[in-house]
Amino acid sequence: MRSHYCTDLDAQDIGKSVSLCGWANSYRDHGGVIFIDLRDRSGIIQLVCDPADSKSAHEIASKVRDEYVLRAKGKIRARGEGLVNPKLKTGEIEVIIDELIIENESAPLPFVIGDNSVGEDIRLKYRFLDLRNEDSLSKFQLRSKVSIACRNALDRLGFLEVETPMLTRATPEGARDYLVPSRVHPGEFYALPQSPQLFKQLLMCAGFDKYFQIARCFRDEDLRADRQPEFTQIDVEMSFCDQEDVIKVGEEVLKDIFAACGHNIQIPFKRMSYKDAMELYGSDKPDLRFDLAMVDVIDIFAKSNNQIFSTPAQDPKKNRAKAIKVPNGDNIFSKRQMQRFEEFVRKFGAKGLAFIQIKDPKDTAGQDNCVNFDGLSLKGPLVRFFDPSDLKELVSRIDLKIGDVVFFGIGDKKTVLDYMGRFRIFLANELGIIDQKSLE
């Protein structure tokens with residue numbers, strides 16, 4: 001029925017006769033000439049129904065309303081001077097219609113397509129309409145690209161794709177199984193797979209040394225931010241391999257998946273031990289789009305003359321003292337912001353949030369809680385609990401300069417790494433230093 005999708009066409013197609021199919025995204029009557037924005041899965045193109053070109057097409061166009069299903073035939077022409085729409089991929093052209101067919105009419109819509117302010121209950125009730133939203137379509141397109149790229153990559157690497165049964169026996173895993181009653185065996189039940197683990201083991205024992213499955217999994221467990229009752233996972237199995245082999249396969253697959261989505265990433269990926277990730281960033285999945293790494297200062301805090309700091313620092317196996325430096329933070333953060341920072345970390349178990357500001361000695365003359373040396377002035381309640389030599393060691397280790405602010409967390413290892421890791425991300429958002437487009 002169609003010769004092209006809407007956005008297959010551009011200025012190079014001017015003069016061509018085309019057949020298009022889709023939905024009326026919008027319509028406008030401008031003094032007898034009717035304009036219809038026709039939408040298909042690729043995007044939008046403008047149709048022009050002029051009675052001078054086709055009286056019958058114009059008569060039909062006058063009956064068109066939003067979301068009518070249309071078939072149209074016509075010729076491509078350039079839009080008039082000053083009428084180009086840069087927001088549309090087809091904004092330089094339009095189609096002069098000589099034949100228009102209404103395939104299906106639409107009742108008045110319960111909401112405007114793409115209006116995200118509509119309540120979720122209404123959007124789910126009319127899910128077929130909500131899925132016409134461009135954002136919804138783009139998610140399906142992205143998932144399709146990811147699945148195809150994953151399959152192609154693993155096929156290239158010599159993996160066999162397999163399918164395993166949905167109706168199976170219960171397996172002793174972490175969550176409850178969903179059960180399906182058997183009609184032919186009353187009182188007996190099948191279990192939906194939490195993962196295809198049982199069958200993967202059979203295949204491995206049978207000598208299927210490299211295979212994969214894009215598997216549907218079902219787990220009857222409480223909802224979490226990253227889990228729902230049914231989900232899809234990519235299961236990859238390999239025999240006669242070591243850790244390096246597994247990592248290389250993962251890198252190849254991810255590289256191809258991102259390439260299919262329009263992003264080129266470099267392999268091999270950066271590697272970091274779990275210990276380094278936790279000690280430097282307070283997370284086993286650290287965000288490396290910005291710096292603000294934590295610096296260990298527990299040995300310096302062990303020499304403090306205040307037992308609140310020195311006592312926990314005496315046991316570095318159980319406790320931690322971490323510092324986060326914010327370059328030029330003294331010129332950025334207000335007193336109210338500094339209070340908010342402490343309120344933030346307290347929510348995650350911190351007893352407080354100590355800090356030191358690095359200032360020019362000329363600006364702190366005669367002020368309390370200041371220690372001056374080497375052209376720097378360290379200001380804050382914390383400084384009186386350390387000898388000047390220890391403060392010099394802090395400056396050197398953290399590489400502090402005038403204008404910097406350094407925050408400290410001390411206490412139980414797990415608690416400190418958690419709230420300082422969260423605080424690191426909180427600071428980055430406050431500073432606006434996260435590169436949202438970066439994939440590194």
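**Close-up 1. The hairpin of S14 and S15 in the predicted model.** Phe373 stands opposite Leu376 in strand S15 of this predicted model, and S14 and S15 pair in the antiparallel sense over four bridges. Two residues lie between the strands of this hairpin, where Asp374 takes a positive phi near 50 degrees.

**Close-up 2. The largest nonpolar core, with Ile356 among its residues.** This core has 25 residues, and those with the most contacts inside it are Phe301, Ile356, Leu378 and Phe408. At least two residues each are supplied by helix H8 (298-301), helix H9 (307-313), strand S12 (319-326), strand S13 (354-359), strand S14 (370-373), strand S15 (376-379), helix H11 (388-398) and strand S16 (405-412). The largest share of this core, four residues, comes from H11. Leaving aside residues up to four places away in sequence, Ile356 touches Leu378, Lys379, Leu382, Val383, Leu394, Asp404, Val405, Val406 and Phe408. Apart from this core lies another, of 24 residues, which includes Met294, Ile324, Phe344 and Ile434. In soluble globular proteins, nonpolar side chains tend to be buried together.

**Close-up 3. An open sheet of three strands.** The strands of this sheet follow the order S6-S9-S10, and their pairing is mixed. Strand S6 (160-161) and strand S10 (230-238) are the edge strands, each of which pairs on one side only. Strand S9 (residues 210-218) pairs with S10 in the antiparallel sense over nine bridges, and within this part of the sheet Phe218 stands opposite Glu230 in S10.

**Close-up 4. The largest pocket and the elements that line it.** The volume of the largest pocket is about 790 Å³, and of the 31 residues that line this pocket, the closest to its centre are Asn25, Arg39, Arg132, Asn133 and Glu134. Strand S1 (17-30), strand S2 (33-40), strand S3 (43-49) and helix H4 each supply at least two residues of the lining, and the largest share, five residues, comes from H4. By class, the lining residues of the largest pocket divide into twelve nonpolar, nine polar and ten charged.

**Close-up 5. Phe140 in helix H4.** Phe140 has its place in helix H4, which spans residues 134-156. The C-alpha atoms of Phe140 and Glu67 are separated by 21 Å, the two residues being 73 apart along the chain.

**Close-up 6. The largest cavity and its lining.** The count comes to one cavity of 30 Å³ or more, and the largest cavity has a volume of about 60 Å³. The lining of the largest cavity is made up of Thr168, Arg169, Thr171, Asp177, Leu192, Pro193, Gln194, Ser195, Pro196, Gln197, Leu198 and Phe199. Sorted by class, these lining residues comprise five nonpolar, five polar and two charged residues.

Methods:
Residues numbered from 1 in each chain as written. Predicted model: local features only at pLDDT ≥ 70, side-chain atom pairs only at ≥ 80, totals over all residues. Heavy atoms only, no water. Core = buried A, V, L, I, M, F, W, Y, C linked by side-chain atoms within 4.5 Å. Buried < 20%, exposed > 50% of the residue type's maximum accessible area, 1.4 Å probe, protein only. Contact = heavy atoms within 4.5 Å. Pairing = 2+ DSSP bridges. 1 Å grid on protein atoms, 1.4 Å probe; cavity = no way out; pocket = protein on both sides within 12 Å on 5 of 7 lines; lining within 4 Å. Points joined across faces, edges and corners; volume = space filled by probe spheres on them. Nonpolar A, V, L, I, M, F, W, Y, C, P; charged D, E, K, R; others polar.
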